[in-house]
Amino acid sequence: MVTRIVDLRSDTVTKPTEAMRAAMASAEVDDDVLGNDPTAFRLEAEMAKTMGKEAGLFVPSGTMGNLICVLVHCDVRGSEVILGDKCHIYIYENGGIATIGGVHPRAVKNNDDGTIDIDLIEAAIRDPRGELLYPTTKLICLENTHANSGGRCLSVEYTNRVGELAKKHGLKLHIDGARIFNASVALGVPVDRLVQAADSVSVCLSKGIGAPVGSVIVGSKNFIAKARRLRKTLGGGMRQIGILCAAALVAFQENIGKLESDHKKARLFADGLRELKELRVDTLAVETNIVFIDIEEGVRTRAEKICKYLEERGILLMQESSSRLRVVLHHQISASDVQYALSCFQQAVKGIQNEIGN
Amino acid sequence: MAAKIVDLRSDTVTKPTEAMRGAMASAEVEDDVLDRDPSCFRLETELAKLLGKEAALFVPSGTMANLISVLVHCDTRGSEVILGHDSHIHIYENGGIAILGGVHPRTVKNNEDGTMDIDLIEAAIRDPKRELIYPTTRLICLENTHGNCGGRCLSVEYTDRVGEVAKKHGLKLHIDGARIFNAAVALGVPVDRLVQAADSVSVCLSKGLGAPVGSVIVGSSSFISKARRLRKTLGGGMRQVGVLCAAALVALQENVEKLENDHKKAKLLADGLNGIKGLRVDTSSVETNMIYVEIEEGLGTTASKLCKDLEEYGILVMAMASSRLRIVLHHQISANDVHYALSCFQQAVDGVPNENGK
């Protein structure tokens, strides 16, 4: 029976700390639909200020954050959004922007580093003269850090260049910044500078920042007013949400400072795994708190076995495919957890090797 | 400015009690998207059992609960739903079922008691033989208690009859049961019996039951499984949601039995208000916790003016139309508050300038 669980599946598994629980219990609340929940108001104002935007809006999830942003920017029938072919909005949000919002996605190739080639973005922008056959491009979406690339960061320079392109063509720019603080910390760039070119950003509080629930969208006052209305339409208008916002405020104060440590743990982990020749980890690609582990050809069928072996020892991670595993570090994983996980990995791989040998 | 605030705008204004705050602070939680949050699971199991359905799903709001229910029942393109012309779904949910869900609403006249004539419902059901020009009716929606009709209850007999019509035509039946517990208490009928004929029910926890946030949808296992997926698509998939569910569990335990008292307070206040010259209340239609107050023409004031005057006394009510106010009672309004509100109403009415400019 396993007593120790090391949950590396995602940074969403972070549980509320004592300080957060206390904050939730004593939160000042009001009906946020009828007026303003004061704690929600404080959180939204704080996030807007930190991100350098006019206003903010608390939403139940990152999915809703992105859905609202895309739909508000693309509020005209026949809209199209340009986004990366491996981005979260395109792959993991149930196609909501289309099935719920009627917005057409135009996917452009994501490079391994999370960027999309600027000239490919530009080529994807619809020529208005072809409007008889074309939808109308309204929006470009970036994702920072880029999850499917392994938590890689988009630089300020790149973001600004995409922003200029958007402006040149009269388009808006939205950043799926679920892990934007990880990017900011890893790059050593103030977060407001990092998202300066964006018209809107969605930021997750429930991931590395460690709050139990929620995300915040930031943008102009006008944008957020429309977002608030759409949030209600989608069913995200909650009542005394100050409870969740109080936890988020604590998370924000306490845990930004811990993200650097998560990145160190990820690098330690990646370096440790690289020693195992059956596994392949691109340590250069480990920029923040996510590590992708590729299982060498020849032992690919063993990915599932490795996962199972680790699970029996309390190490939980995500199997991305038959040959790829994912590990995400967060503040509730200690340095000794990392060592324990590494040693279990070593044993797992050795065990598999023995099987093959036999 | 009044020191004492008596907030009669809605039962959504209820704030979490000490017991709820304690429960939230110590709630057992997990990532409800990756796994199952145990407190959420407990709440959903409890509600399903109480309402006599197979399964349940916690959602951020009643709006999302209804939106999900309609969209899951109407999952084929070209669907139509029959609902009351004065129902909450039709009037106060931003037209989401059409705008986001592509479902066509077919309204049928709501009677003053919240029902729709059975023969009018039947007449509204589309004849499949004319499908070339008709959408396909898939669903009938009822609302119990009926908000816009003053919190009036639909009887078991009526609900069952509508259920039979639905079955006869191969349709589903959804009950917007935001205040279904108020109905069950007022009618003296077990809540599961009341909703027996329904395929799905949406129940608000954040209204009279007093939880800070949320609603629950109940239905068959298969229905709830689809609902869970759509909830994620809409952005309602929250992580450590047990925090909110813990409060809701306390609310269920503590506050269902207080609803009877809310109804008594409503009757008391309604009788008192009806006794004020210049105001009129149809006291026989006050069945639960809601009162509509008509301002008689002779009084010479409007709903919004009277609203403002009352605000000076600390009494908050809702202006619904030019000469109509709404009052909603809940467990955080004491008997004293009721008497105080009554006297303030009297003073406010006395303070209205005479039409002859006295």
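Buried area is the accessible area, taken with a 1.4 Å probe, that two parts lose on being put together, summed over both. Chain B and chain A bury about 3600 Å² between them, and 56% of this area is on carbon and sulfur atoms. This is a predicted model, in which local features need pLDDT of at least 70, side-chain atom pairs count only at pLDDT 80 or more, and totals for chains, interfaces and linings use all residues. Residues are numbered from 1 along each chain as its sequence is written, chains are lettered from A and ligands numbered from 1 in the order in which they are written, and side-chain values use heavy atoms, with hydrogens and water left out.

**Interface of chains A and B**

- The contact (heavy atoms within 4.5 Å) takes 46 residues from chain B and 46 residues from chain A.
- Two salt bridges are counted between chain B and chain A; a salt bridge is a side-chain nitrogen of Lys or Arg within 4 Å of a carboxyl oxygen of Asp or Glu.
- A:Arg9 and B:Asp35 form a salt bridge, with their closest N and O atoms 2.6 Å apart.
- Across the interface of chain B and chain A, 23 residue pairs are in polar contact, both residues being at pLDDT 80 or more. A polar contact is a pair of N or O atoms within 3.5 Å; within protein, one must be able to donate a hydrogen and the other to accept it, and residues adjacent in sequence count only if both atoms are side-chain atoms.
- Several helices of chain B each supply at least two residues of the side that touches chain A, among them H1 (18–25), H3 (62–73) and H11 (242–255). Helices (H or I, at least four residues) and strands (E, at least two) are DSSP runs, numbered from the N terminus.
- H10(B) gives the most to the side of chain B that touches chain A, with five residues.

**Salt bridges within chain B**

- Over all chains, the count comes to 37 salt bridges.
- B:Asp32 and B:Arg231 meet through their side chains in a salt bridge (3.5 Å, N to O). B:Asp32 lies in the loop between H1 and helix H2 (38–51) of chain B and B:Arg231 in helix H10 of chain B, so the pair ties together parts that are 199 residues apart in sequence.
- B:Asp32 is buried at 4% relative accessible area, and B:Arg231 is buried at 5%. Buried means under 20% relative accessible area, exposed over 50%, and partly exposed in between (1.4 Å probe, protein chains only).
- A network of salt bridges links B:Asp32, B:Arg36, B:Glu44, B:Arg228 and B:Arg231.
- B:Glu80 and B:Arg126 also meet in a side-chain salt bridge (2.7 Å, N to O). B:Glu80 is buried, with a relative accessible area of 0%, and B:Arg126 counts as buried at 19% relative accessibility.
- B:Arg280 forms a salt bridge with B:Glu296, the closest N and O atoms being 3.7 Å apart. B:Arg280 counts as partly exposed at 45% relative accessibility, as does B:Glu296 at 31%.

**Helix H7 of chain A**

- Residues 156–168 of chain A make up helix H7, which has 13 residues.
- Buried residues of H7(A) include A:Val156, A:Tyr158, A:Leu165 and A:Ala166.
- The buried residues of H7(A) pack against helix H6 (118–124), strand E5 (136–143), strand E6 (172–177) and helix H9 (191–194) of chain A.
- A:Gly170 follows H7(A) and has a positive phi, near 70 degrees.

How values were computed:
The expected span of a helix is 1.5 Å times one less than its number of residues.
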